[in-house]
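Welcome! Take a moment to look over the model shown here, and then we can walk through some of its parts together.

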Amino acid sequence: MHPTVTPTHCPYCALQCGMNLSVSGTGGAGAGVVTVLERESFPVNRGALCGKGRTAPELLAPGLRLTGPLVRDARSGRLEPAGWDEALDRVAEKLAATRSAYGADACGVFGGGGLTNEKAYALGKFARVVLGTSQIDYNGRFCMASAAAGQQRAFGLDRGLPFPLADVARTGCLLLVGSNLAETMPPALRYLTELRANGGRLIVVDPRRTRTAEQADLHLAPRPGTDLALALGLLHLVVAQGRTDEEFIRDRTSGWEETRAAVMAHWPEHVERITGVPVPRLREAVAMFCGAASSMVLTARGPEQHAKGTDTVSAWINLCLATGRAGRPLSGYGCLTGQGNGQGGREHGQKADQLPGYRKLTDPAARRHVGRVWGVDPDTLPGPGRSAYELLDALGNEVKSLLLMGSNPVVSAPRAAHVERRLRSLDFLAVADVVLSETAALADVVLPVTQWAEETGTVTNLEGRVLLRRRAVDPPAGVRSDLEVLAGLAGRLGVDRGFPVDPEEVFEELRRASAGGPADYSGITYGRLAEGEGEGVFWPCPSGNPNEIHTQIPSDDPSEAVGVHPGTPRLFLDRFGTEDGRARFVAVGHRPAAEEPDAEFPVLLTTGRVLAQYQSGAQTRRVGALNEAAPGPFVQLHPRLAARVPVADGELVAVVSRRGRAVAPARISTDIRADTVFMPFHWPGEGRANSLTNPALDPTSRMPEFKVCAVRLEPVGPLPPPPPASRRS
Ligand code: SF4
């Protein structure tokens, strides 16, 4: 029998690389052989994949993932196999009991940036319509919330990139701030290579000399927590050198005078003292950025995951606006979203303050519109709830029961030991996941769900490109989709309608709910996404007849109910998304990190990712080749700092912050500043980097300060010898 080949997308990061899945043998996972093939026709990755994408089918095998519900036995305290009815009954009973004892807001819902648009939409609706709780947020808050808030303030609209990624290769100068593309999204590195081959210049801002920084014409290595000062210093030089674009400022922006006044306080020498970046390097960066005919700034988690992340993003956007590098071809500001559906996940209602279509929960017109689509009185919709960390921090206190889907906060949340204690203090925890993650292991009920290749759904990549991920294999018999889980719970909680299990049916409702909103998907259909090479459609993509689509389910034939809007690959070329169409400068000033080094904690810690692991590692740590390539955490530190500890390369070193302690082998390198250590955050246990991180929140985005905190280092000694071979299994 010939293998079947299905075009689809990787389950991991926001690049959403296209791939073909070849399935041979008889049907389901574990029975057939699933092979990843290159899909060169998909324009974002053009066939290239990283090791995570290539090995993704391994997790389809029954041995590595959950294949049946688990319920905690009251007597033994252990998770025991159970049937679906028993598991769903237990979850529904507990949520209903919590609601009736403490009120709806005592039920929390925590989602994930990997959920498809349909799941994110259904989860938000479930929280607000079935449970009636305001307490829903998702781990995407930890990903791009500061960039989203900064873009909203400046442009009135937030989409990761306002242009296709391919534009990066044709700009004149790219200023890449706090992104290590070479490890997080390797196929995207080709755009940097093409940029330089085309004569463009690359500036990388990162406290470490990463594989991405090695590609740069200019590498600026600021002290962690000072990206805001760096951006202000560059803009100061732009003004001082008369390099502002006065015509653009006059015609397309507002608020420049306040911003100009604010940056004048940031003299280059002052900025050098704060950031550690020498003044000549600042001047070099300005010459490259302003000397090119077009320029871009792209930020990622480096400058965003701070208690001042939103202001930092504003400062980089201000640089773009003052130099006329926004709203023009091959120029602009963008954010490299991290999680697979971090973009779509926040557009359709699992964020604490949003309704589908990127509508605001506080907007009466938005509530009316979504209430009409959902068939509920808009006055019954709860208001905004707590942000992700605040929700986790409230567990066991104001929030008594939690339904968690596709997230592993025991590893990925800041101040993780505290979050773990809060999870343990819940009256009831239900987790829907593919694997028994560290968080699922704490649950009272674990619901095993289908994953990427076993289900159809849409995702929205970092460019705002809506894509169709197709089912290629049958799931194991004992698992259900998240949509089936939500439908099963809704029915048990008295809501028999409105939770279809067919993803396309959910998407049709999502189209109507998003119609007329900032993230308008109403002109997109599954049929359209499946056309041609499956290149996707960029939102906003309104329907040809928005009034019609508000009130009725469109016809199966897209040409009847859907207009011919082509989608919007490039935003802001004519006007920005603000009411007056002008981009807004936001005057910001530098402030120190929430926690600066002192005598007790004299070193800075920054955290990040490595090539072979993804986020909390719940999936990738189970894949043999990835685990072999990156088997555990480490502490990267400069030789001068290592000598002071003292610790030798490969020896264990303890990193201690005000919140906890982590121990991992030292990796001594001159690629990092001597005042800073780096730890990847993919692992649980004693090497858990997030035991140390600071949950201080950005006042606007509520983003925790993952990227900088004060620590001290303590020698631990050599690595213990491996256990004897006979005991290793
Ligand atoms: Fe998957 Fe991201 Fe790797 Fe592409 S870069 S294969 S989307 S993990």
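## A pair within one helix

E257 and R260 sit 3 residues apart in helix 9 (residues 256–263), so about one helical turn separates them. Helices here are DSSP runs of H or I with at least four residues, strands are runs of E with at least two, and both are numbered from the N terminus. An α-helix has 3.6 residues a turn, so residues three or four places apart point the same way. E257 and R260 form a salt bridge, with their closest N and O atoms 3.6 Å apart. The term salt bridge stands for a side-chain nitrogen of Lys or Arg within 4 Å of a carboxyl oxygen of Asp or Glu. R260 counts as partly exposed, at 34% relative accessibility; buried means under 20% relative accessible area, exposed means over 50%, and partly exposed is in between, using a 1.4 Å probe and protein chains only.

A word on what you are looking at: this is a predicted model, in which local features need pLDDT of at least 70 and side-chain atom pairs count only at pLDDT 80 or more, while totals for chains, interfaces and linings use all residues. Residues are numbered from 1 along each chain as its sequence is written, and side-chain values use heavy atoms, leaving out hydrogens and water.

How many salt bridges does a search of the whole structure find? The search finds 40. Side chains of opposite charge can pair when their charged atoms come close.

Another salt bridge brings together the side chains of R621 and E438, at 3.0 Å from N to O. This pair links distant parts of the chain, 183 residues apart: R621 lies in the loop between strand 23 (603–608) and helix 24 (624–629), and E438 in the loop between strand 17 and strand 18. R621 counts as buried, at 14% relative accessibility. Elsewhere, a network of salt bridges links E595, D598, R658 and R659.

Two strands pair if DSSP finds at least two bridges between them.

Strand 18 (residues 445–448) runs parallel to strand 17 (residues 428–433), joined by 4 bridges, and antiparallel to strand 4 (residues 70–72), joined by 2 bridges. V445 in strand 18 stands opposite A430 and also opposite V71, while V446 is the bridge partner of V431. In a regular strand the side chains alternate between the two faces of the sheet. Both faces of strand 18 are covered, with V445 and L447 buried on one side and V446 and P448 on the other.

## A hairpin

Strand 19 (residues 457–460) and strand 20 (residues 465–469) pair in the antiparallel sense over 4 bridges. The two strands form a hairpin with 4 residues between them, and G464 in the turn has a positive phi of about 80 degrees. G457 has R469 in strand 20 as its bridge partner. Both faces of strand 19 are covered: G457 and V459 are buried on one side, T458 and T460 on the other.

## Around the ligand

Which residues surround the ligand? They are C10, Y12, C13, L15, Q16, C17, L49, C50, K52, G53, M185 and P187, where a residue is near if one of its heavy atoms lies within 4 Å. This shell has 9 nonpolar, 2 polar and 1 charged residues, counting Ala, Val, Leu, Ile, Met, Phe, Trp, Tyr, Cys and Pro as nonpolar, Asp, Glu, Lys and Arg as charged, and the others, Gly among them, as polar.
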